[in-house]
Amino acid sequence: MSNEIQSRDGFRSQWGFTLACIGSAVGMGNIWRFPIMVARWGGLTFLIPYFIIVVLVGNSGIMEEFALGRRAKAGPIGAFGCAAEARTGSRRLGRTVGVIPIVGSLMLAIGYTVVMSWIFKYTFMAITGSLYAMGQDMSLIGPAFDAAAPGAESFGEAVGMMLSSGVFGTGNGVWLIIGLAVALVIMAMGVAKGIEAANKIMMPVLFGLFIILAVYIGFQPGASGGYRFLFALDPRGLVNPQVWIYAFGQAFFSLSVAGNGSVIYGSYLPRDEDIPASARRVALFDTIAALLAAFVIIPAIGASGFAMGDIDPGPGLMFVYLVNILNGMPGGRIIGVIFYVAVLFAGLSSIVNLYEAPVATMQEQFKLKRGPAVAVTGVIGAVVALLIQPYTSQWMDIVSIYICPLGAALAAVMFFVVLPRREALEEVNRGARRPVGRWFEYLGYVFIVLCVLALVLGAIYGGIG
């Protein structure tokens with residue numbers, strides 16, 4: 001195909017691919033939002049709808065995006081173009097539409113770059129012990145967590161604030177560059193030697209660290225109060241539309257279906273990869289990661305004495321409340337190091353996935369080698385991330401509420417509607433030990449409706465997750 005990169009890199013093993021996809025899905029949504037959603041909506045009352053929706057998305061959206069990318073051996077622009085060509089004989093419209101998920105991936109990556117600066121900084125502070133000392137005085141946490149260069153009106157002013165704060169000062173600008181540089185180095189090494197190899201290390205360590213934390217916190221006095229939240233079930237809540245809406249919003253974004261990252265990872269798959277099995281493994285392990293985070297954070301909050309209803313999901317949970325909760329436990333300094341290292345791996349694996357779609361697009365569309373494509377994307381990401389730091393929350397809201405659901409909907413339409421039915425089923429079932437049937441097509445239509453619903457509810461309520 002004309003869009004295929006010569007000597008295209010790819011994943012070398014089934015589990016390497018699966019771990020990379022798990023890494024892309026396991027992110028901040030699993031850590032700072034999922035546990036509080038579970039606690040707020042009543043444990044099993046939230047988890048039952050969540051599990052149902054994860055099964056639905058895993059058997060429709062994830063499979064479809066993997067297959068769409070593998071069929072074209074290209075990212076969203078090439079993949080959408082190939083789907084359009086199969087129906088109309090022309091790639092032009094599909095290629096034009098494929099730009100939207102790429103823009104969404106780059107915008108989300110830029111917002112994540114700011115978040116990664118916080119994570120790298122807090123991990124360093126946890127290792128050196130300065131976070132433990134600061135955590136004794138809650139009034140100090142707020143300024144430490146504040147975004148770098150708040151109030152900067154220009155790029156030059158943002159850079160000035162960044163440099164004046166020093167590498168280990170209160171500003172986060174240098175940490176932004178450090179975090180981004182680490183991600184770019186992994187990407188520059190390639191798909192197999194960089195992304196796959198890094199996730200083969202980071203994902204097992206992440207799961208292992210969370211298991212250690214869950215066991216440790218389970219033995220803390222008061223943790224049983226958190227478990228009561230986890231296993232609570234209110235049958236009336238199962239018929240509450242809001243519970244299902246929030247469960248869908250959490251699953252949708254947690255599984256990283258947005259028409260970009262899963263498409264580009266799918267493009268690196270060999271023809272004999274079992275896509276249905278891979279998609280289900282990704283959904284399963286992403287859910288396990290979210291549950292592990294819940295089994296760490298909710299009992300920790302219960303042991304701390306904080307009222308569950310007073311804690312909002314988001315950065316404040318991880319960078320304010322948990323600092324004090326962990327510091328208040330015996331051995332809290334060590335536990336804080338384990339926690340923030342685990343969070344760093346989760347964030348790093350996600351940001352690599354988000355930047356990969358724009359990098360691959362530069363390789364495909366401008367015929368750049370991987371090194372220059374990574375460098376150009378990194379410069380764009382660094383400059384824009386420095387500028388948006390005071391507005392990171394608003395930036396991320398725009399991307400997650402509007403652009404990501406739109407990208408997911410467009411990818412699903414391209415695969416389930418535009419691509420001829422026979423070709424779509426053939427691609428999904430290529431290499432599958434247990435081929436999917438017509439039910440997959442019908443489930444795809446349901447997924448499209450849910451994507452549109454996400455857009456509508458996001459516009460009305462300002463977000464569904």
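Colleague: How many cavities of 30 Å³ or more does the structure hold?
Modeller: Two. A cavity here is a set of points, on a 1 Å grid over the protein atoms alone, where a 1.4 Å probe fits but cannot get out. Volume is the space filled by probe spheres set on the points, with grid points joined across faces, edges and corners.

Colleague: And what volume does the largest cavity have?
Modeller: About 60 Å³. Before we go on: this is a predicted model, so local features need pLDDT of at least 70 and side-chain atom pairs count only at pLDDT 80 or more, while totals for chains, interfaces and linings use all residues. Residues are numbered from 1 along each chain as its sequence is written, and side-chain values use heavy atoms, with hydrogens and water left out.

Colleague: Fine. Which residues line the largest cavity?
Modeller: Among them are Ala 126, Leu 131, Tyr 132, Leu 322, Asn 327, Arg 333 and Tyr 340; a lining residue has an atom within 4 Å of a point. Helix H8 (130-135), helix H17 (315-327) and helix H18 (332-366) are the elements that give two or more residues to that lining. Helices are DSSP runs (H or I, at least four residues), numbered from the N terminus.

Colleague: Switching to charges. How many salt bridges are there?
Modeller: The count comes to 11, taking a side-chain nitrogen of Lys or Arg within 4 Å of a carboxyl oxygen of Asp or Glu. One of them pairs Glu 427 with Arg 70, with the closest N and O atoms 2.8 Å apart. That pair links distant parts of the chain, 357 residues apart: Glu 427 is in helix H21 and Arg 70 in helix H4 (residues 61-72).

Colleague: Is Arg 70 buried or exposed?
Modeller: Buried, with a relative accessible area of 0%. Glu 427 is buried too, at 2%. The cut-offs are under 20% for buried, over 50% for exposed and partly exposed in between, with a 1.4 Å probe and protein chains only.

Colleague: What else is buried in H21?
Modeller: H21 covers residues 421-429, and its buried residues include Ala 424, Leu 425, Val 428 and Asn 429. After H21 comes Gly 431, with a positive phi near 85°.

Colleague: What about Lys 200, which residue does it bridge to?
Modeller: Glu 196, with the closest N and O atoms 3.5 Å apart. Both lie in helix H12 (residues 191-218), four residues apart, about one turn of the helix. An α-helix has 3.6 residues a turn, so residues three or four places apart point the same way. Still, Glu 196 is buried at 2%, whereas Lys 200 is partly exposed at 41%.

Colleague: And the disulfides, how many does a search find?
Modeller: Zero in the whole structure, looking for cysteine sulfur atoms within 2.5 Å of each other. Cys 21 is buried at 3%, and Cys 404 is buried at 4%.

Colleague: Where does Leu 233 lie?
Modeller: In the loop between helix H13 (223-230) and helix H14 (241-254). Leu 233 is partly exposed, at 46%.

Terms used. 1 Å grid on protein atoms, 1.4 Å probe; cavity = no way out; pocket = protein on both sides within 12 Å on 5 of 7 lines; lining within 4 Å.
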